[in-house]
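Let's walk through the side-chain contacts and strand pairings of this one. Have the coordinates loaded and follow along.

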Amino acid sequence: MSDEEDIQVEGPALAEDDPMRAFMPTSFGRKHKEADIAAQIDRSKRAVVAPPAIKPKSQDSASDDASNSDDDSDESEEEDEYPTSHEMVIKTHDRAVTSLSLDPAGGRLLSGSIDCTVKLHDFSSLTPTTIRAFRSVDPYVTKQSAAASESHPVHRVQFNPLAGSVFLCISAHPQAKILSRDGDIITEFVKGDMYLRDMNNTKGHISEVTTGTWHPTDKNVCVTAGTDSTLRIWDINNKRSQKEVLVFKSKAAGAAGRTRMTAVAWATPVQGGNNVLVSAALDGTLVMWGGNGPFTRPAGEIREAHKPNTWTGGIDISSDGRMVVTRGGDNLIKLWDTRKFKQPLVSVEHPSTSDHYPTTNIKYGPNSTSIITGSATGHLHILNPGNLRPEYTTPVTPGSPVITVDWHPKINQIVTGSANAETHILYNPTMSVKGAVDVMSRAPKRRHVDDNPEFTTDMSLGLSGDSIITPGALPGSKKTGITASGKSRDPRRPHVPQQTPFMRSQPDEKHISENIPLSKMLHEDPREALLKYADLAKKDPVFTKAWKSTQPVTQYADVSDEEEDGPEKKKVKR
């Protein structure tokens, strides 16, 4: 056969519509398969089923003025108005998700659960096929192998809104903690003396902390609420005592002046003004303080704002600092005005889940243009901030209650945590930015057993996607210049003894100086410490300065040579 002759390749004798053609090659050589981003995002689109229309019964005459005059818009228009058209599902917990928080930039997600762990997710290292946490932290575990190790359900995790490098972690424990964005413990607040009756004299909570939040304008201050009937304001740089203690004295019969604080919110108006600190109690009272102090007595107090002995877990303040919305355990959502802090403006019925999940919350949306909350049926409700009527309702986890919700203003995405241990991130590709949009826009990663760090890495230590580990810089890495036993290869160098377990158990000098008061006096000579002030006391006396000019001069009698030997001895009578 000559080179000029054309080579004809016989194709398979298949019909045009034969399904086997999908498995036949169309060309020779290596194929580069590129990810279809548009199809990938379309696969994350939610198949929304219209939920049954539940009409809330309004208990306020002001909310019944416009009963049925306004017609609802179509479902497609409502989907375009809110970022709920697509979703990304994260399944990293084993039990119900109780708290969620996004950092100020929207690049990292925290989730707390009643499985006693906090999961840290970094959007920059996630792909559609590798949606997992880069670290799992149990804030209160002492040792993994210890038989008496403690673990407590997580009540609240919240990034610092002014500095995303730290977050507040509150569990079912008297001591709240401040952790770094990588999950390392920075500060653990002190526990108070449980045998003191007056809470003003204690340095910390004496019983379980229920919730907490950050100061709206000071990145170093946070507040915690506990079951010891107190709110405590902390400076995160001083863990040995709180900055302020706000003791709430309950007036309920048989309470002995104490109750449990169930929710707290701290906000400042965007246009400027005084901060507002609002808290709810188990006896149904709603208390308001001026956020800048003094905290000796509350600025406003509403008794039986919700039904007593029901858990009011949700509370939030609007961006202008004028409105407060609460969701109580009495199946009611109420709207309050801080300027007339006596009666609710609007009150609507909404089934509560706080009897099973006390961290059920309610939040204002960006710029307070809407209010979002979950429900016991697994739906997300977006309410009107003026009359609390549902503007949009969509199912998230049907049949499993939605416990916690949050709407991040910067990336315009809604995150929800449910009782079935799922975290859903709702977004819209055109309205939302970064976050889940970037994750679903990446090419899927090929699955491999080594890609899942749960199989190859100790998740208690964690491995962040953006961390750089220098070879040989880890604590257990092999060092040059020494043998395997730790002896120096150079005979001229002295042998450095290895650190024994007994040496590791002894507190170092830095720990003692930071945590034990007056510990520096241990290595100080008391005689030298007093004598260094001798000249100063002689020149400028503190206690005898008033008599310095009138002090008499001491005069001594002249001693003769005969008297130097001492007085004559008396003659002994015989």
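Trp-234 is buried, since its relative accessible area is 1%, and buried here means under 20% relative accessible area, with exposed being over 50% and partly exposed in between (1.4 Å probe, protein chains only). This is a predicted model, where local features need pLDDT of at least 70 and side-chain atom pairs count only at pLDDT 80 or more, while totals for chains, interfaces and linings use all residues. Residues are numbered from 1 along each chain as its sequence is written, and side-chain values use heavy atoms, with hydrogens and water left out.

**Aromatic pairs**

The structure holds 5 aromatic pairs. Rings of Phe, Tyr and Trp (its six-membered ring) pair if their centres lie within 6.5 Å; planes under 30 degrees apart count as stacked, over 60 as edge-to-face and the rest as tilted. Tyr-82 and Tyr-392 have ring centres 5.7 Å apart and planes at 20°, so this pair is stacked. It links distant parts of the chain, 310 residues apart: Tyr-82 sits in the loop between helix 2 (75–81) and strand 1 (86–90), and Tyr-392 in strand 25 (residues 390–395). Helices (H or I, at least four residues) and strands (E, at least two) are DSSP runs, numbered from the N terminus. Both Tyr-82 and Tyr-392 are buried.

Phe-189 and Trp-234 are stacked too, because their ring centres are 4.4 Å apart and their planes are at 20°. Phe-189 is in the loop between strand 9 (185–188) and strand 10 (209–214) and Trp-234 is in strand 12 (residues 230–235), so the pair ties together parts 45 residues apart in sequence. Phe-189 has 1% relative accessibility and therefore counts as buried.

Back to the tyrosines: Tyr-82, Tyr-392 and Trp-407 form one aromatic cluster.

There's also a charge over a ring: the charged end of Lys-177 sits over Tyr-140, 4.4 Å from the ring centre. The test is NZ of Lys or CZ of Arg within 6 Å of the ring centre and within 35 degrees of the ring normal.

**Salt bridges**

How many salt bridges does a search of the whole structure find? It finds 10, counting a side-chain nitrogen of Lys or Arg within 4 Å of a carboxyl oxygen of Asp or Glu. Here are some of them.

| Pair | N to O distance |
|---|---|
| Lys-91 and Glu-422 | 3.6 Å |
| Glu-301 and Lys-251 | 3.4 Å |
| Asp-540 and Lys-545 | 3.2 Å |

Lys-91 is exposed at 59% relative accessible area, whereas Glu-422 counts as buried at 15%. Glu-301 is partly exposed at 29%, and Asp-540 is partly exposed at 39%. Then there's a network of salt bridges linking Arg-108, Asp-122 and Asp-182.

**The nonpolar core**

A nonpolar core is a set of buried Ala, Val, Leu, Ile, Met, Phe, Trp, Tyr and Cys residues joined through side-chain atoms within 4.5 Å. The largest one has 17 residues, and those with the most contacts inside it are Met-88, Leu-109, Phe-123 and Ile-425. Strand 1, strand 2, strand 28 and helix 3 (436–440) each give two or more residues to this core, and helix 3 gives the most, with 4 residues. Leaving aside neighbours within four places in sequence, Phe-123 is in contact (heavy atoms within 4.5 Å) with residues including Met-88, Leu-102, Leu-109, Ile-425 and Val-439.

**Strands and hairpins**

Strand 26 (residues 402–408) has 7 of its 7 residues buried, so it is largely enclosed by the rest of the structure. Strand 26 pairs with strand 27 in the antiparallel sense over 6 bridges; two strands pair if DSSP finds at least two bridges between them. Asp-406 stands opposite Val-415 in strand 27. Their hairpin has 4 residues between the strands, and Asn-412 takes a positive phi near 55° there.

Which way do the residues of strand 23 (residues 371–374) point? Ile-371 and Thr-373 go one way, Ile-372 and Gly-374 the other, and all are buried. Strand 23 pairs antiparallel with strand 22 (residues 362–364) over 3 bridges, and with strand 24 (residues 379–383) over 4 bridges.
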